[in-house]
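Please view the sequence and the structure together while reading.

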Amino acid sequence: MTTNHFSSYPLVDAAVGTRLLLGFIVTPHALQQRLRPPWKLASLSTFSALGIPEDEQPNLLLIFHHLLLDQDAQGQNQADSGLRFVVFNIPAANPETGEQGLVHFRMFTGGAIPGRYGDALLAQVTHEYHLVEDSHASSIKEAFQVHPEAGGTLELRLAYRRGPLVRQEADRPNFPPWTVADPRIVRVYQEDSVLEILRNDVTGLNLIQELTFRSTVPELADLFDGSERLVAFLGNPHYARKVFSPALEHANH
């Protein structure tokens, strides 16, 4: 992951929300054929920092978002924004440039199409959240249901206990996701987030008490063919993100 001239990029939008991240190991061929050459599957420093060796790291990340605010550079709420959505990312590297990080290849959203990464498809997305707290513990139940207009369903349901929380704060724009849809798109994140590790199969940590994940979306059939393994589960009960880009860009309708 490189930093280049990110700090000179202007602010284009900002968001505050929550998210759940599922890390799967799936058939590498199904992912590699989605990447644009010369990008290749690679490890991710975030998972290395969690003590997950490269051969046990997820190669597919599903991130379920629920935004509380989505604003433009002037602080105005963006009316066409989809506040609930799911994105699909591949940890990858470009051997020609040395860039390494996440490559974005699909979003399902109720908001603007094709979105800021040029790969969004229209979907109905619902999110349920139930929290019970006392002086000793916090118990949470969450559910996402995603119904793409093109057919099929993504369903996530889980119950878990809140674990130790860690604050992560970037002092500059430092995280540039890339997109398969259009290599000209440049968006760099600067985040202040709260991280909780809900499941790490390498260390044996598992705070999840109930879990259901299903996909019947046709375009994802080669990823979720029964051989996939869920090996990591992270949560961000809060994140605030600023996004910087060398050119102002707007989600297309």
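Arg 19 lies over the face of Tyr 239, at 3.9 Å from the ring centre; a charge is taken to sit over a ring if NZ of Lys or CZ of Arg is within 6 Å of the ring centre and within 35 degrees of the ring normal. The model is predicted, so local features need pLDDT of at least 70 and side-chain atom pairs count only at pLDDT 80 or more, while totals for chains, interfaces and linings use all residues. Residues are numbered from 1 along each chain as its sequence is written, and side-chain values use heavy atoms, with hydrogens and water left out.

**Charges and rings**

- The charged end of Arg 241 is placed over the ring of Tyr 189, 4.2 Å from its centre.
- Nine aromatic pairs are counted; rings of Phe, Tyr and Trp (its six-membered ring) pair if their centres lie within 6.5 Å, and planes under 30 degrees apart count as stacked, over 60 as edge-to-face and the rest as tilted.
- One of these pairs is formed by Phe 6 and Tyr 9, which are tilted, with 5.7 Å centre to centre and 50° between the planes.
- Phe 6 and Tyr 9 are both buried, where buried means under 20% relative accessible area, exposed over 50% and partly exposed in between (1.4 Å probe, protein chains only).
- Phe 88 and Phe 108 form an edge-to-face pair, because their planes stand at 85°, and their ring centres are 5.9 Å apart.
- This pair links distant parts of the chain, as Phe 88 belongs to strand β4 and Phe 108 to strand β5, 20 residues apart.
- Phe 88 and Phe 108 are each buried.
- A single aromatic cluster is made up of Phe 24, Phe 213 and Phe 224.

- Helices (H or I, at least four residues) and strands (E, at least two) are DSSP runs, numbered from the N terminus.
- In strand β4 (residues 84-93), nine of the 10 residues are buried.
- Strands β2 and β4 run antiparallel and are joined by two bridges; two strands pair if DSSP finds at least two bridges between them.
- Leu 41 has Ala 92 in β4 as its bridge partner.
- Six bridges hold the antiparallel pairing of β3 with β4, and Ile 63 is partnered there by Val 87 in β4.
- Nine bridges make up the antiparallel pairing of β4 with β5, in which Phe 88 stands opposite Arg 106 of β5.
- The β4 and β5 hairpin has six residues between its strands, and Gly 98 in the turn shows a positive phi of about 85°.

**Two buried strand residues**

- Asp 70 lies in strand β3 (residues 60-72) and counts as buried because its relative accessibility is 5%.
- The side chains of Asp 70 and Arg 116 make a polar contact at 3.5 Å; such a contact is a pair of N or O atoms within 3.5 Å, and within protein one must be able to donate a hydrogen and the other to accept it, with residues adjacent in sequence counting only if both atoms are side-chain atoms.
- Val 125 lies in strand β6 (residues 120-133) and is buried, with a relative accessible area of 8%.
- Leaving aside neighbours within four places in sequence, the contacts of Val 125 (heavy atoms within 4.5 Å) include Arg 84, Phe 108 and Phe 144.

**Cis peptide bonds**

- Pro 37 and Pro 38 are joined by a cis peptide bond with omega of about 10°, and Pro 38 is in the loop between α1 (28-32) and β2 (40-41).
- Ile 113 and Pro 114 are likewise joined by a cis peptide bond, with omega of about 5°.
- Pro 114 is in the loop between β5 (100-109) and β6.
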